[in-house]
Amino acid sequence: MGVSAEPQPPRPRAPRRRAGGPARGASRWARAHARSLGPGVVAVVGGAALLRVITGVGFVNYDTLYSLVWGGQLAHGQLPQYGLAIAPTPHPLLELLGFVLAPLPASAIAGVTVWLAFLALAGCAWVTYRLGARWFGPAAGALAALILITRVPILSYGSRAYADVPYLLFVLGALLLESRRPRAGAPVLALLTLAGLLRPEAWAFAGLYWLYLAIADRGRRSTRELAGLALLAAAAPLIWVVSDWLITSHPLWSLTSTRHTAHTLARKTGIANVPQYIPRRIGAILRPPVLAGAALGGVLSVIYLWPRARLLAIAGVLAVAVFALLAAAGLPIDERYAFLAAAILCIFCGGGVFGWLVARPELPARVRTVWIALGAAVLIALIAAIPGQYHSAHTQLSNLSRQQTIQSELVALVHQRAITLRCGPVGVPNHAPIPLLALYLSAPPSRIVNGQLGRITGGTYLDPATREVETQYVLDPRDPHVPVAIPPGFRATRATPSWIVFTRCV
């Protein structure tokens, strides 16, 4: 006999996720962000090509050359030679680039690195525009980007593929992500991790950002999620320290060697020099008209546009504070370490000139009128400074063009096999040519001997052909210098306008 089933109560429906829920909001943000990538990619690629043509120069500097050589050594199963005299600070991300590019010929490695440098330079201008446009309107963003990309030090370091320009791009990119999607978390920390593999300042930014997430999102993020974000925030310093430890058995090698090099080259360090030299470094990048505009934009936006300017103001304060902290730790107060603070001030300058366009209608008419007048005065000052800026850029780029010619002649001598290791090591008059020749000769840097620190009895020796090359093609004006004589028994075998090659096979 069958048993009849009793009627079941209706199942409660699962509550619908509201359209504005976190998952759908994040997805919508990701789609909008993806749509904005197209114009950005076009602008960055086109801007890089334009900058390459306008500057007329592009080569790899001493520090980055060493990183490429060290990455190549790793690719060939060798330990990088960090302990050489006046060797630069290792940068793990650049060494990774050298590792990846190692199968290519040296000319291709250098060429790819230079183009990546110009892409980073154009990327900085694009992200600066986006930040300025978001906070103070498109006109302010365009002015900020134009100011940034025409600063002589930024052009100079960018065209020489210094690590500081891609570092700037990663940090500005993280700032843009956070401004578009507050408390974005992992994407911001990922960019700061990349930046932290180039410059240690990003370690502090990542740590402070994680702390902010832990406080602001208390109860919204699980302990597991916060732990994962903490690991991401700590990834860059952990990678750097472990890398130093594995290669040198000294986990703080980068810090101690950088201190030693700064002392050797008599660079300014220490907290006592911060009040004088940090403003001087920023001023040397931006010049008075931009500083005046930044001061105007900073004051007026903090007073009248605080919700818009808050993140930018906090980032600017942190940039200067962390710069000062590293100087106190014994690292040099170099001009290029002030690029982040300078970029933020460029955005404030754009706000000083055009910020009134996005001010609320209730802004007092008198304040708006004064803002417009002062902004116009700053704009006139910026236009008046163009000839001086152009002259400064032309002079600097001409000097870089001469350095590029000197380097190109060295590379040509390698390609012609006038410089080889078949008779022994290669001697050079100072530190500057060592990583370049190591890259193009596919040799450990120790095979290139600085004649100021050691003598060779056989092999190849390079002597500057002119006094100009002897004084211009050096690592640093404060680089230790003693007269170097041509080793006895060597005879001249090749000459260019910049170099004379001497050889002795024993």
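Trainee: Which helices each supply at least two residues of the lining of the largest cavity?
Mentor: Keep in mind that the model is predicted. The helices that each give at least two lining residues are α9 (201-216), α13 (306-328) and α14 (339-354).

Trainee: Which residues line the largest cavity?
Mentor: The lining is made up of Tyr-167, Glu-201, Phe-205, Ala-319, Phe-323, Tyr-337, Ala-338, Leu-340 and Ala-341. The volume of this cavity is about 60 Å³, and the search of the whole structure finds four cavities of 30 Å³ or more.

Trainee: What makes Ile-86 count as buried?
Mentor: Its relative accessibility is 13%. Buried means under 20%, so Ile-86 falls in that class. Ile-86 sits in the loop between α2 (62-75) and α3 (92-101), and its phi is near 55°, a positive value in a residue other than glycine.

Trainee: Why is Arg-183 called partly exposed?
Mentor: The value for Arg-183 is 25% relative accessibility. Buried requires under 20% and exposed over 50%, with partly exposed in between, so Arg-183 belongs to the middle class. Arg-183 also has a positive phi, near 60°, and is a residue other than glycine. Its place is the loop between α7 (164-180) and α8 (186-196).

Trainee: How do you know whether Thr-460 is buried or exposed?
Mentor: The relative accessible area of Thr-460 is 2%. With the cut-off for buried at under 20%, Thr-460 is therefore buried. Thr-460 lies in strand β3 (residues 459-464). Leaving out residues up to four places away in sequence, Thr-460 touches a set of residues including Ala-418, Ile-419, Pro-425, Phe-490 and Val-501.

Trainee: What makes Gln-407 count as buried?
Mentor: Gln-407 has 10% relative accessibility. That is under the 20% cut-off, so Gln-407 is called buried. Gln-407 belongs to helix α16 (residues 386-415). Not counting residues up to four places away in sequence, Gln-407 touches Phe-59, Val-60, Leu-436 and Tyr-473.

Trainee: Which residues have the most contacts inside the largest nonpolar core?
Mentor: They are Phe-136, Leu-340, Ile-419, Leu-437 and Leu-462, in a core of 133 residues. Helix α4 (residues 106-136) gives the largest share of this core, 14 residues.

Trainee: What does Leu-437 touch, not counting residues up to four places away in sequence?
Mentor: Leu-437 touches Val-414, Ile-419, Val-426, Val-428, Ile-448 and Leu-462.

Trainee: And how many helices and strands does the protein have?
Mentor: The protein has 18 helices and five strands. Of its 506 residues, 50% count as buried. Among contacts between residues at least 6 apart in sequence, 76% join residues at least 24 apart. The accessible surface comes to about 24,200 Å², with 65% belonging to carbon and sulfur atoms.

Key. Residues numbered from 1 in each chain as written. Predicted model: local features only at pLDDT ≥ 70, side-chain atom pairs only at ≥ 80, totals over all residues. Heavy atoms only, no water. 1 Å grid on protein atoms, 1.4 Å probe; cavity = no way out; pocket = protein on both sides within 12 Å on 5 of 7 lines; lining within 4 Å. Points joined across faces, edges and corners; volume = space filled by probe spheres on them. Helix = DSSP H or I, 4+ residues; strand = E, 2+ residues; numbered from the N terminus. Core = buried A, V, L, I, M, F, W, Y, C linked by side-chain atoms within 4.5 Å. Buried < 20%, exposed > 50% of the residue type's maximum accessible area, 1.4 Å probe, protein only. Contact = heavy atoms within 4.5 Å. Areas by Shrake-Rupley, 256 points an atom, 1.4 Å probe, with all protein chains shown as cover.
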